[in-house]
Amino acid sequence: MGGVSVGVLDHFNIRTRNLAETVRFYEDVLGLEKGARPDFAFPGAWMYSEGKAVVHLVDISPTSEPQKPDSGVVHHVAFVSRGFDGMKQRLTSKGMKFDSRQVPGGDLWQIFVHDPNGVMIELNYEAAAEQGAAPAEMADDIGKQ
């Protein structure tokens with residue numbers, strides 16, 4: 001395509017009536033950090049991973065906009081991640097329900113967890129860079145849900 005590229009995912013945005021709970025999830029459960037955000041005319045928060053604002057939150061509680069029950073037509077949002085066993089331990093210690101699996105072929109391990117708004121978060125781990133036991137390979141595809 002002559003040097004044209006869409007590039008990599010910059011961020012995703014969640015419009016929520018549960019800003020504090022959502023910030024807590026991304027900080028305490030996934031380990032992101034709340035950081036600098038432009039002085040928009042509406043409330044919200046930006047959540048950072050490795051110095052990049054990857055999750056933008058907009059607080060819709062001051063408005064009449066209804067809270068959507070999940071992520072709408074967007075099925076899930078994925079991150080390239082590190083520390084598979086550590087994340088499983090973290091999620092377990094926080095009482096979070098999650099699903100872990102190995103992509104057929106074994107090169108990729110995954111963890112799926114939902115945020116307080118019902119947004120499915122997919123964490124992808126390069127199997128060769130991880131230690132510990134591989135999760136079970138799943139024949140069914142998370143995309144069918």
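Mentor: Gladly! Let's begin with contact, which means heavy atoms within 4.5 Å. Helices (H or I, at least four residues) and strands (E, at least two) are DSSP runs, numbered from the N terminus. This is a predicted model, where local features need pLDDT of at least 70, side-chain atom pairs count only at pLDDT 80 or more, and totals for chains, interfaces and linings use all residues. Residues are numbered from 1 along each chain as its sequence is written, and side-chain values use heavy atoms, leaving out hydrogens and water.

Trainee: Which residues of α1 and α2 meet?

Mentor: Glu27, Asp28 and Val29 of α1 meet Met87, Arg90 and Leu91 of α2. The residues of this contact divide into three nonpolar (Ala, Val, Leu, Ile, Met, Phe, Trp, Tyr, Cys and Pro), three charged (Asp, Glu, Lys and Arg) and no polar (the others, Gly among them).

Trainee: How do I read a sheet?

Mentor: Strands of a sheet pair through backbone hydrogen bonds, either parallel or antiparallel. Here, an open sheet of four strands runs in the order β1-β4-β3-β2, with mixed pairing; two strands pair if DSSP finds at least two bridges between them.

Trainee: Why is one side of β1 and of β2 left without a neighbour in the sheet?

Mentor: β1 (12–16) and β2 (33–35) stand at the edges, each with a single partner strand, so one side of each has no neighbour in the sheet.

Trainee: In which sense do β1 and β4 pair?

Mentor: β1 pairs with β4 (residues 52–59) in the parallel sense, over five bridges. Asn13 stands opposite His56 in β4.
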